[in-house]
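Hi,

Here is the structure I promised to pass on.

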Amino acid sequence: MMRLEKLIPLAILGVCVGALAMAFTAQHVFNLEPCILCIYQRIPYAAGGVLAMVVLAAPLPPALRAGLVALCGIGFLGGAAVAFYHVGVEQHWWISSCGGTPPTAMTLQEMLDQAQVKPRRSCDDVNWSFLGLSMATYNLPFSLAMAVFAFAGAWTMRRA
């Protein structure tokens, strides 16, 4: 039987790989172009996956292993915050420049170069929804649940 010290980071790794696989499949198979906030929401899953692999592979003291799992939880809380902000942008609760403001002083050549670059999708443009909810909306409770799982897992690992 697998011990909790391995099962918890393995579950985090599995969820992170699955979430990133879904995001990249949506982008590259179904041509759903992500906005910058969509890309920011992938970062906690990438970081969580890396941290989970470190916990699984490296011979670390139990307290450090639990600390790295808790760090995953902090990352997922950050992801939930970005998802909440993104939902607010989609719902027009607040205004976002979605990636910064363009420079005001450009040369003619810079303007021509910029005109040939495909513009990034606006963060308030929902290009996929299910039951009226966007991917960012689904990511919010999912990220919160992963944070709770990671914190509970870290607490359990620390006590074991």
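Let me start with Trp93, which is exposed at a relative accessible area of 51% (exposed means over 50%, buried under 20%, partly exposed in between, with a 1.4 Å probe and protein chains only). Bear in mind that this is a predicted model, where local features need pLDDT of at least 70, side-chain atom pairs count only at pLDDT 80 or more, and totals for chains, interfaces and linings use all residues. Residues are numbered from 1 along each chain as its sequence is written, and side-chain values use heavy atoms, leaving out hydrogens and water.

On the aromatics: rings of Phe, Tyr and Trp (its six-membered ring) pair if their centres lie within 6.5 Å, with planes under 30 degrees apart called stacked, over 60 edge-to-face and the rest tilted. The count by this rule is 6 aromatic pairs. In one of them, Phe84 and Trp93 have ring centres 6.2 Å apart and planes at 45 degrees, so the pair is tilted. Phe84 is partly exposed, at 40% relative accessibility. Both rings belong to an aromatic cluster of Phe84, Tyr85, Trp93 and Trp94.

There is also a charge over a ring (CZ of Arg or NZ of Lys within 6 Å of the ring centre and within 35 degrees of the ring normal): the charged end of Arg42 sits over Phe24, 4.7 Å from the ring centre.

Lastly, Leu71 lies in helix H3 (helices are DSSP runs of H or I, at least four residues, numbered from the N terminus). Leu71 is partly exposed, with a relative accessible area of 41%.

Cheers

Definitions and conventions:
Helix = DSSP H or I, 4+ residues; strand = E, 2+ residues; numbered from the N terminus.
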